[in-house]
Amino acid sequence: MGSARKVGTNESIHTYGNGTRNYTALQTWEDAHTINCVTGTTSPVLECYDDAASFNDYVVILGATTDATYFRIIRPAAGQGHDGTPNNGVTFICTTDTNIFTLQEIYSQIQDIIAKVSIASGTAIRYAFTQSGSCNSSAVVGCIAYDCLIGSTGTGQGFVIAPTASNVGFAIDCLAHNCEGDGFRTSSFTTNSGGRFYNCTSTNNGTYGFRMLGNQATGVHIWTNCLASDNTTADFSDGTTGSPTRTVTYCASKDTTADDWGGAGNHISHTFTFVNSGGDDFHLASNDAGAIDLGTDLSADAIYPFNDDIDKCVRSGSWDIGFDEYVAYSINAALGSYDVSGISAGPLANRLISAGSGDYAITGVQANVLGARLLNGSPGDYVISGINATLARGYFISADGGVYLVTGSDATILAQRFISANVGSYLITGVSAQILAARLLNAELGTFTLTGVVVDLVHTTPSAYVLVVDPGSYLVFGTNAGLLSVRILDASPGIYNLMGKEVVTLAQRILKADPGTYVLTGIDAELLKILIEYFLNAEPGEYRLTGSVARAIIMLNEQILLEEIDMRGGLTQQEHDWLATQEAYVHNKKVLVKVGDTWHFRIYDETGVSIIVDKKLKDKDGNDITDIQVGVMTQELASTV
Amino acid sequence: MKVSIAIGVDSVSEFGKDEGRIVAVKPAGWKWGTEEVKQFLILEIDLGTSITTIEDAQKLTVPHFETGELWWPSSEDKDGNPIEPPKVLAKRRYSIPFADLIARAQVLGKTIDLAKVKDMTVEYQPVEKVTIPFANMILDKVKGAKLIATDLVKIKAAGK
């Protein structure tokens, strides 16, 4: 006893998918492996990859020599299977007027495949999954047929088992949903033929959920643990003639048909509560009262014992009716090994782990996650301690706005973004970052350690930024910078010391920012062009340059005609010598000022406040100077001083 | 329309495999898988104007039914009663004889090394990119004759 999905002996595995795989057509694999599996002691297996949204393909598995040990299997490759809904996984949508999967071979199996008949125009009845001819002990396990539809007078249906004499096929843990015709059929038109449906679910189909047909008194119609709900004509139906034995046990219907043939454990007029029927998720919800624990244990079935459900979860305790065994998961994931000890998880919807192919170490335990994302949940609180996750693709966290605590994480980012999240607050290894816009880090591949905080951005182009962020508050090397615009550093090439941190800048200016207040403590900046262009090339604002020495020099030239000249500060030897060449020599604060029509020469005291000399300037003839010349001024200065 | 066809290169009567059988039909330009290009000979066949959809072209993969059906019959009759599927005598009804293919390829300037074709361990596709008209190429095992345009019309209508 074990899984309903049988494993062949000496499996010979090939791959199916796009042109990079071994096979792109189901028929070529089938043809190439129509062999004597028994004498060849091999079980050919075709493992399908979810390379496309769907494959337009079909196959008839027929003609190989098989037995209970060596047989053929079509199944998804590891990590490519569905999640118990038709929404993802290896999917076949066939537009050719035929059945999609036809098993006419003993013991062979189709496992965990999604299929949809989609024929524009046809007159026949076509199925997603068919077992016919000599198909004894063949099985369709964990498969989903949905939305099967044929234009014109044809009818798209889900599953049928219609073998030739003395052959009985199985459908286990399968779902038929929203097909144009029936969900499941057993047809017996030869002696001792028919089918067994174990733990299947049929919902919203256009005619019957489960229907038996045929004219054989010895026909085999065995339905156990099957659930039917909201099928248009009836949930369970009998169209047989010849009075075959109809064994319907532990089945449940929303209408009153499940107990029409007697049998033990059947339930009628039940209301089933599914996880999300509108989203085609017919897993049983935790509060379901129509199917949970109402089935019978088939783990010791005399013909086909098994113990798992459509998600490969092991059934335990009292079995549930239908394809799903409700389990109060911490992790509700596809097949894999999970050890979530120590994890405190409070997912509010969907699954805690539904991640892309890859290996994840969660609390030190290796888990093989098979779905799309590590976290793909509704807003909520998730605590994942001690994560050391190597992501094979996609995002580490791709979640809606909310608070996420990811402690002790050392993540190697293999693609795009560490966090790509909506606006919100995120606590990352003790660093508090207020994300106001799209991205905390928008970086290329690299290793990021956000612990206290060292950020090594591997982005080498000269024009690159250390941080390119939207407005907000950021803690960078202990500096508290209030950025009002786009860039924190956009400077000419050089070395700058900001709060003891040596920063090599590659671009134009030390500060080029919008109006605002900037504190550059301890700056030791070597400015090369004081009198031209900019020291600070900034918009109007206040700048405090602690510890900086600045000198002002005013040249005496023809601009001496200005109404007032204000000179402060001392002169260097260089400045002194230069002024001497201009026949002007000035110490401290002195002013030439025009009072009315006459120029005055004034000398202030050492404080530069009080006037200690105020002399009207006269020429050599004793006349007031109303126009000034350098030579005259020099003479007057010399005589005055 | 033009289609890409994978034809069998081996012949195993025990399993109903005939040399040149049309195993799979895909749209022209199809990128076949890594084993398919070793185990099958890939051809581009122009089916003319009688068949215009890939769904109808795929009817060339029909098995050789004992009843001579042109396509898979419905599983049930019009009253909903089950119909036993017809007995399959061979995996395919239609094939492309290698002798005819080699001769046609020579006319088109291509040489086919039959020994290499039959070596299913290596990729050898000498005429993959050559379009070959269907006329006088596709053998109908039931009729014992090559398909002509009117046959394609009947194939297209099968099941409708």
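In what order do the 3 strands of the open sheet in chain B run? The order is S6-S8-S9, with antiparallel pairing (strands count as paired if DSSP finds at least two bridges between them). This is a predicted model, where local features need pLDDT of at least 70, side-chain atom pairs count only at pLDDT 80 or more, and totals for chains, interfaces and linings use all residues. Residues are numbered from 1 along each chain as its sequence is written, while chains are lettered from A and ligands numbered from 1 in the order in which they are written.

**The open sheet**
- Strand S6 (94-95) and strand S9 (145-146) of chain B are the edges, and each pairs on one side only.
- S6(B) and S8(B) (residues 139-140) run antiparallel, joined by 2 bridges.
- In that pairing, B:Ser95 sits opposite B:Leu139.

**Chain B overall**
- Chain B has 5 helices and 9 strands; these are DSSP runs numbered from the N terminus, helices being H or I of at least four residues and strands E of at least two.
- Of its 160 residues, 39% count as buried, meaning 20 or more other C-beta atoms, placed from the backbone, lie within 10 Å of the residue's own.

**Where chain A touches chain B**
- Chain A puts 37 residues into the contact and chain B puts in 31; residues touch if their C-beta atoms, placed from the backbone, lie within 7 Å.
- On the chain A side, helix H1 (26-32) and strands S9 (125-133), S13 (155-163) and S19 (208-214) each give two or more residues.
- S9(A) supplies the largest share of that side, 5 residues.

Conventions:
Contact = placed C-beta atoms within 7 Å. Buried ≥ 20, exposed ≤ 12 C-beta atoms within 10 Å, placed from the backbone.
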